[in-house]
Every structure is written in C-alpha cells, then in structure tokens.
Amino acid sequence: EAMSSGVLVCGTKVGLMYDEPSCCVTVDVKDHVALANQTLEILRDHVSHRRITQSAQQWANTHSINWTVRQLSELYKT
C-alpha cells in the first residue's frame, strides 16, 4: 500500500524488501542504526528519494492484486 501510494518504504532485507531492493531502503536484519542512518540519508537526497518511490510505485502498479491472484492460480495448477 505504501509503495502504491508513493510513500518511501524502509526496513530490513526480508520478503519483498529483499526481493526488490530498488523499491525501498533496506538494511540487514537487527541493524536499527543503519536503518535510521540510511533513512535519513535518503530523505536528504531528493533525487534518490524520488527515484526509489517512483520505482516502488511502478512495481506496485504492475504487480496488483489481480496479478498476484493470476500468479498463485498458475502455481497451484502445476
């Protein structure tokens, strides 16, 4: 939801954030200091901030709930 709304997503390298690092700010699990530092750095860098949020929004729009349902349906068919 945040990605589709153009909001910067920041967190640890798990799940989608591990799979799509160009769409968010990620750090290693349990590294709260790096998370804070990288988040602040991106907030100061307007060009990088915009690039990440645009990439995330594009990914979210391409991978809608309908896309997800189709992918899961195909997975269960095989």
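Apart from neighbours within four places in sequence, Leu-43 makes contact with Leu-8 and His-49. The model in which these contacts are found is a predicted one. Leu-43 belongs to helix α2. Its relative accessible area is 43%, and a residue counts as buried only under 20% and as exposed only over 50%, so Leu-43 is classed as partly exposed. Leu-43 and Thr-62 are separated by 19 residues in sequence, and their C-alpha atoms are 25 Å apart in space.

The setting of these residues is given by the overall fold. The protein contains four helices and two strands. Read from the N terminus, the order of its elements is β-α-β-α-α-α. Along the principal axes, the C-alpha atoms occupy a box of roughly 45 × 25 × 15 Å. The protein has 78 residues, of which 23% count as buried. Of the contacts between residues at least 6 apart in sequence, 42% connect residues that are at least 24 apart.

Helix α2 covers residues 32-44 and helix α3 covers residues 46-62. Two packed helices are described by the angle between their axes and by the distance between those axes. For α2 and α3 the angle is about 100° and the axes are 5 Å apart. An angle of 65 to 115 degrees counts as roughly perpendicular, and α2 and α3 are therefore roughly perpendicular to each other. On the α2 side, the contact is made by Ile-42, Leu-43 and Arg-44. These residues meet His-46, Ser-48, His-49 and Ile-52 of α3. Sorted by class, the residues in the contact of α2 with α3 are three nonpolar, three polar and one charged.

The length of α2 was compared with the value expected for a helix. The 13 residues of α2 reach 19 Å from the first C-alpha to the last, which is close to the 18 Å expected at 1.5 Å a residue. Ala-34, Thr-39 and Ile-42 are the buried residues in question within α2. Viewed down the axis of α2, the buried residues fall within an arc of 130°, so they line one face of the helix. This face packs against other parts of the protein: the buried residues of α2 lie against β1 (10-12), β2 (25-27) and α3. On the other side of α2, the exposed residues are His-32, Glu-41 and Arg-44. Ile-42, which is buried, and Arg-44, which is exposed, both take part in the contact with α3.

A similar description can be given for α3. With 17 residues at 1.5 Å a residue, α3 should span 24 Å, and this agrees with the 24 Å between its end C-alpha atoms. The residues buried in α3 are Ser-48, Ile-52, Thr-53, Ala-56 and Ala-60. Around the axis they cover an arc of only 125°, which places them on the same side of α3. The cover over these buried residues includes β2 and α2. The face turned away from the buried side of α3 carries exposed residues, namely His-46, Val-47, Arg-50, Arg-51, Gln-58 and Asn-61. Ser-48 and Ile-52 are buried and also meet residues of α2, while His-46 meets α2 but is exposed.

Thr-26 has a relative accessible area of 12%, which makes it buried. Beyond its neighbours within four places in sequence, Thr-26 touches Gly-11, Lys-13, Met-17, Pro-21 and Gln-38. Lys-30 is located in the loop that runs between β2 and α2. Although Lys-30 is not a glycine, its phi is positive, at about 70°. Lys-30 counts as exposed because its relative accessibility is 79%.

Ser-4 and Gln-57 are 53 residues apart along the chain, yet 4.6 Å separates their C-alpha atoms.

Key
Residues numbered from 1 in each chain as written. Predicted model: local features only at pLDDT ≥ 70, side-chain atom pairs only at ≥ 80, totals over all residues. Heavy atoms only, no water. Axes fitted to C-alpha atoms, helices over the stretch in contact; angles between N-to-C directions. Parallel < 35°, antiparallel > 145°, perpendicular 65-115°, else oblique. Contact = heavy atoms within 4.5 Å. Nonpolar A, V, L, I, M, F, W, Y, C, P; charged D, E, K, R; others polar. Buried < 20%, exposed > 50% of the residue type's maximum accessible area, 1.4 Å probe, protein only. Expected span 1.5 Å × (residues − 1). Arc of directions from axis to C-beta.
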